[in-house]
Amino acid sequence: MHDPFPAHEVLNQSPPFEDVNLYTSDVALMEAVVREGGGQAQRALVSFGLVAGSAEAFDLARKANANPPRLQTHDRTGRRIDLVEYHPAYHDLMRLSFGEGLNGSSFAHHLPQGAERANAHAERAAAFFIAAQMESGHCCPVTMTHAAAPVVLQNATLAADWLPLMVSRSYDPRFVPAAEKSAVTIGMGMTENQGGSDVRQIRTVAEETGDGAYRLMGQKWFLSAPMSDAFLVLAQASGGLSCFLMPRYLPDGRVNAMALVRLKDKLGNRSNASAEAQLDGALAWRIGEEGRGVATIIDMVTHCRLDCALASAALMRSAVAHALHHAEHRTANGRTLIEQPLMMHVLADLVLDVEAAVALSFRLARAFDRAKDPRAAAWRRIMTPVTKYWVTKVAPGVVGEAMECLGGNGYTEDWPLARHYREAPVNAIWEGTGNVMALDVLRVLQKEPDVAEIVTDELRGASQGEPRLKAAFQRLETMLTEPRLLDLRGRALVEALGVLAAATILRAAAPPAVAEAFISTRLGGTTRQTYGQGLEGTDLKAIVARASPNRR
């Protein structure tokens, strides 16, 4: 094509960050996968990493976010239809993630022909980490469908009908009865406009119909992924707050009595939808006992929290990988940006938090795989809220600093870092804010002291032989011996647990340059509030080179 401005030559711009294998280019990820038991999935992860990091996949992400979903409440004749229309790119992304089994592979062994995999959660965690770098929005229904499986399994009748479709590796976006589909997605409706974390505020009423079903009357303030084929919802039955599976279609082929009021205008991704919904006698089937709704649905919440940590760690990795790529190709004053001491200091500092987030998240995934082991079960119980808290809280700062490394380019929607930055806060909010995570940990300390003791014993042992780790553990112990102040110190306690756990894992598994730099800056040194400080005595080049997506 003829260039109307032949004198306009584009100089000193980094090449597109695309056609990069999101698995093989990430040393910390590969090491974590092998260390935590997912090594048998290496071949599949190499293949998926290539697909998810391709120019085509990144273009799907761009299109899905540039063309947000649209709510169609009525058709042209005035009939109520309650449909959300998504761009085809969104469905293509869903198809890729379903093809990797991210919607249910950890629970496929519950099918009659299924075979249990000892490290299914670790293997899935790696693929999910890759998918979240490809595009975050579509991961919401993927996460919820996966996390809903252990809840649905509590009702054998419902599980027989729904689980085969929930774990299917096909993807079927059609709005038709589930019995006609090759796969389904499951959403969630817990929050109401009068309260979210306080489930006692839930006012949706469930009335028995006499044939085993219930009619739900009320509203849901956040209905995630509203085109899901069914939703796990909480409602007040005669015996108290209970958990229900509410399908979009009824067994007789009619659409259920749920109306979509409007879509949420969210801060983060634009590809996925959340809605407000009105339930006007919607039929639903109870899971678990009446009055045990929270205890029934908590497994879904717990699995979602693991994915929150993984997704935030993935956003951090993607943002820092983009920053490293840019700094390796952009020049200033005759040198690439990455050769500038200040820039290298900032990038190395960012890498440390990515390494810690990956280490913590995959250590948690291993605990999900070994839930029958009392030590692993204790780690899962107390470190799920800790990991979710720390990783999701760190993510916005990391992404924002990485965006700054790109300068003005990072602040435009042409580069994915703007989308990452808008998305970064969500996982600290979804499935429990920071205060909710802190209260969850305090609840374990008060009601399950044996569980807490198992975890603290492990951290005590892992801290031996390193004075800074030992001092950090002693500070943690001091907080635990002052129960009257724990309500005020909840966040300090959770952060101390997260940083100490990450430091012990890095000390045991990461290169000395990474472990030493993390311990010296996160558990010692001077007070700091921005990145790029305190690493003067460390091997910056080694830290940065290890994390580079372009390493040779």
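Me: How do the axes of helix α10 and helix α13 cross, at what angle and within what distance?
Reply: This is a predicted model, to start with. In it, helix α10 covers residues 374-405 and helix α13 covers residues 434-447. Their axes cross at roughly 155 degrees and come within 9 Å.

Me: Roughly parallel or roughly antiparallel, then?
Reply: Roughly antiparallel, because an angle over 145 degrees counts that way.

Me: And which hand does the crossing of α10 and α13 have, left or right?
Reply: The crossing is left-handed.

Me: Which residues make the contact?
Reply: From α10 you have R381, I382, P385, V386, K388, Y389 and K393. On the α13 side, the residues are G434, M437, D440, V441, V444 and L445.

Me: How do those divide by class?
Reply: The contact of α10 with α13 has eight nonpolar residues, one polar and four charged.

Me: OK, another pair. What about the axes of α16 and α17?
Reply: Helix α16 runs over residues 486-509 and helix α17 over residues 512-522. Their axes come within 9 Å, with a crossing angle of roughly 155 degrees. That angle is over 145 degrees, so α16 and α17 are roughly antiparallel to each other.

Me: Left-handed or right-handed, for α16 passing α17?
Reply: Left-handed.

Me: Which residues meet there?
Reply: V499, A502, A503, L506 and R507 are the ones in α16, and they meet A515, F518, I519 and R522 in α17. By class, that contact has seven nonpolar residues and two charged ones, with no polar residues.

Me: Why give both an angle and a distance for packed helices?
Reply: Because two packed helices are described by the angle between their axes and the distance between those axes.

Me: Switching to cysteines. How many disulfides are there?
Reply: The count is zero, with the cut-off at 2.5 Å between cysteine sulfur atoms. Take C308: the nearest cysteine sulfur belongs to C304 and is 6.6 Å away, and C308 is in no disulfide.

Me: Is C308 buried or exposed?
Reply: Buried, because its relative accessibility is 0% and the cut-off for buried is under 20%. C405 counts as buried too, at 8% relative accessibility.

Me: Where is R124 found?
Reply: R124 is in helix α5, which spans residues 120-134.

Me: Buried or exposed, that arginine R124?
Reply: R124 counts as buried, because its relative accessibility is 4%.

Me: What is R124 in contact with?
Reply: Leaving aside neighbours within four places in sequence, R124 is in contact with L102, S105, S106, V142, T143, H146 and D307.

Me: Now the loops. Where is G37?
Reply: G37 is in the loop between α1 (27-35) and α2 (42-52). At 16% relative accessibility, G37 counts as buried.

Me: What does G37 touch, neighbours within four places aside?
Reply: N119 and A122 are in contact with G37.

Me: How far apart are G37 and D369 in sequence and in space?
Reply: They are 332 residues apart in sequence, and 8.9 Å apart in space from C-alpha to C-alpha.

Me: And T530, where is its place?
Reply: T530 is in the loop between α17 and α18, the latter being 540-547. T530 counts as partly exposed, because its relative accessibility is 44%.

Me: What separates the C-alpha atoms of T530 and D349?
Reply: A distance of 9.6 Å, though T530 and D349 are 181 residues apart along the chain.

How values were computed
Residues are numbered from 1 along each chain as its sequence is written. This is a predicted model: local features need pLDDT of at least 70, side-chain atom pairs count only at pLDDT 80 or more; totals for chains, interfaces and linings use all residues. Side-chain values use heavy atoms; hydrogens and water are left out. Buried means under 20% relative accessible area, exposed over 50%, partly exposed in between (1.4 Å probe, protein chains only). Axes are lines fitted to C-alpha atoms, for helices over the stretch in contact, and angles run from 0 to 180 degrees between N-to-C directions. Helices (H or I, at least four residues) and strands (E, at least two) are DSSP runs, numbered from the N terminus. Angles under 35 degrees count as roughly parallel, over 145 as roughly antiparallel, 65 to 115 as roughly perpendicular and the rest as oblique. A crossing is left-handed if the near helix is turned anticlockwise from the far one by less than a right angle, and right-handed if clockwise. Contact means heavy atoms within 4.5 Å. Ala, Val, Leu, Ile, Met, Phe, Trp, Tyr, Cys and Pro count as nonpolar, Asp, Glu, Lys and Arg as charged, and the others, Gly among them, as polar.
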